[in-house]
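Let's take a walk through this structure together.

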Amino acid sequence: EYGNIVLSHRKRTADYAGLRIIYKRLAKVLAHKKDFKAAITFAEKSLELSDNLSPVLYSEILNNLGTYYIATDDYSKGKEYLIRSFLYDKSKNNSYNLAGLYSKLNNQDSCKYYTHQTRNIIIEEILHTYRNLDEKDRFNYIHAQDTYHLLYMPIETCINWDYKGLANLSYDCLVQNNILLNSTFDIEDIFDRLHSTNFEAIKSQLSENEIAIEFWSNRDPEVGNFEYIYAFALKRNWNDVKVIKLLKDDIYRTLRNEIPTREDYLPLYESIWKPILSEIDISDGDTLYLSLDDILSQIPIENICGYDWIYMGDKYNIRRVSDTGKISTLKESHPLISAYLYGGAVNSFVSNDSFHEKSILASINRKYLPEIKKSFEYLPWSEVEVDSASAVLCTVLPSKNVYTMKDSLCTKRSIQQLSGTSPSILHFATHGFNISAENYD
């Protein structure tokens with residue numbers, strides 16, 4: 001009603017710029033009321049008065065017209081206007097709308113092309129902003145809601161349109177987004193990793209018995225599906241990524257004990273592992289690289305049992321990673337060969353003379369030395385710590401390569417004798433000197 005009043009005034013005063021604006025706004029009102037034919041009429045009138053507009057503003061009117069025609073199922077006209085809009089302004093929104101149109105037309109190649117375009121525009125926009133911020137502001141920017149929505153827009157495209165042709169690009173997005181979210185703020189390192197990390201590069205790093213899985217759960221209240229956690233899985237011999245849905249609510253309800261575990265029903269296995277194992281052929285001993293998200297990153301999924309009562313972590317070699325683009329870096333790590341574990345030191349194996357000569361004790365009042373020596377004499381839990389570490393390491397190393405240096409072996413001399421051996425792991429269960437409060441000077 002008020003729009004029509006303003007419209008009459010603009011016509012009387014020959015305010016053509018004002019007329020263009022009110023036509024465009026009335027078109028949006030009518031589109032909101034689902035009267036798309038009337039919206040097209042007003043949008044076309046606005047277009048007729050737009051000869052001197054900037055490319056961005058002209059593109060906006062073309063884009064509106066394209067979406068209105070698509071809403072009336074006139075895809076031919078809609079496509080014409082959307083392409084013209086994109087040519088005037090290669091923005092992420094124009095590219096995204098074209099991707100959506102080609103998805104509706106089932107044109108896989110064009111949908112992929114414009115989704116890639118959208119992704120590239122977003123990354124360049126984010127990095128341009130990121131480069132000009134200091135470290136604190138970079139962190140806040142990357143974790144802001146608006147940035148989050150931009151980062152995951154192509155993934156939402158894949159999921160909301162249920163378009164499997166975009167699964168590979170979605171995998172790229174997840175890995176690259178994790179690079180941004182977990183970055184150490186070295187801008188050049190970020191650029192290098194973003195440009196070298198993608199689906200094909202990661203696939204080439206996998207051996208036949210390795211699987212990479214990127215998990216994603218939507219956190220944007222404006223868009224996307226909150227019902228699922230999505231697993232984007234990749235194997236070396238696959239041409240495309242597989243998308244697996246995990247029911248998020250079932251996982252949360254199980255953790256709140258609303259779905260109790262029984263001998264004949266294991267809810268966490270049913271909610272997390274069963275969907276994955278039903279889609280991927282995983283053999284015992286295979287390596288899984290998991291980049292977890294949402295509640296999955298907070299629970300020990302390795303310790304979930306199947307109905308054979310064997311832990312998943314005992315069946316498979318499970319590696320948690322911040323992003324699966326780091327697989328090659330992990331493989332370059334030096335293999336474990338030997339471990340030396342020091343603890344359970346007993347003071348009686350150190351001569352009194354050498355004890356008194358220690359520089360750390362030189363400035364301490366001699367009346368405190370007996371108490372200090374007593375506190376240094378033996379700490380049983382430092383021995384327990386070494387024994388516990390040894391038990392763990394013997395599961396991945398030959399027991400003859402795990403050296404527990406306790407009691408008389410826990411000495412300065414034995415440590416000096418390690419010179420030149422370069423053990424894979426050197427662990428000290430240590431403690432400081434203790435002076436009781438009443439003797440503190």
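Glu 214 lies in strand S1; helices and strands here are DSSP runs (H or I with at least four residues for helices, E with at least two for strands), numbered from the N terminus. This is a predicted model, where local features need pLDDT of at least 70 and side-chain atom pairs count only at pLDDT 80 or more, while totals for chains, interfaces and linings use all residues. Residues are numbered from 1 along each chain as its sequence is written, and side-chain values use heavy atoms, with hydrogens and water left out.

So is Glu 214 buried or exposed? With a relative accessibility of 0%, Glu 214 counts as buried; the word means under 20% relative accessible area, while exposed means over 50% and partly exposed is in between (1.4 Å probe, protein chains only). If you set aside neighbours within four places in sequence, the residues in contact with Glu 214 include Tyr 171, Asn 178, Tyr 230, Phe 232 and Asp 323, where contact means heavy atoms within 4.5 Å.

Now step back to the sheet. Strands of a sheet pair through backbone hydrogen bonds, either parallel or antiparallel. Here an open sheet of 5 strands runs in the order S3-S2-S1-S4-S5, with mixed pairing; two strands pair if DSSP finds at least two bridges between them. At the edges sit S3 and strand S5 (317–320), each pairing on one side only. From one strand to the next, the twist averages 25°.

Follow S2 for a moment. S1 and S2 run antiparallel and are joined by 6 bridges, with Ile 213 opposite Ala 233 in S2. S2 and S3 also run antiparallel, again with 6 bridges, and the two form a hairpin with 6 residues between them. Across that pairing, Ala 233 stands opposite Lys 242 in S3, and Ala 231 stands opposite Ile 244 in S3. How many residues of S2 are buried? The count is 8 of the 8, so S2 is largely enclosed by the rest of the structure. Tyr 228, Tyr 230, Phe 232 and Leu 234 point one way from the strand, while Ile 229, Ala 231, Ala 233 and Lys 235 point the other way.

Which helix lies across S1, S2, S3 and strand S4 (287–291)? That is helix H11 (residues 167–181), running at about 75° to S1. H15 packs on the sheet as well, touching S1, S3, S4 and S5, and its direction makes about 155° with that of S3. For these angles, axes are lines fitted to C-alpha atoms, for helices over the stretch in contact, and the angles run from 0 to 180 degrees between N-to-C directions.

Next, the charged pairs. Side chains of opposite charge can pair when their charged atoms come close. The structure holds 14 salt bridges, each a side-chain nitrogen of Lys or Arg within 4 Å of a carboxyl oxygen of Asp or Glu. In one of them, Lys 92 meets Glu 125 at 3.0 Å, N to O. Lys 92 lies in helix H6 (residues 92–104) and Glu 125 in helix H7 (residues 108–131), so this pair ties together parts 33 residues apart in sequence. Lys 92 is buried at 17% relative accessible area, whereas Glu 125, at 31%, is partly exposed.

Finally, the whole chain. There are 22 helices and 8 strands, and buried residues make up 44% of the 441 residues. Of the contacts with a separation of 6 or more, 66% are between residues 24 or more positions apart.
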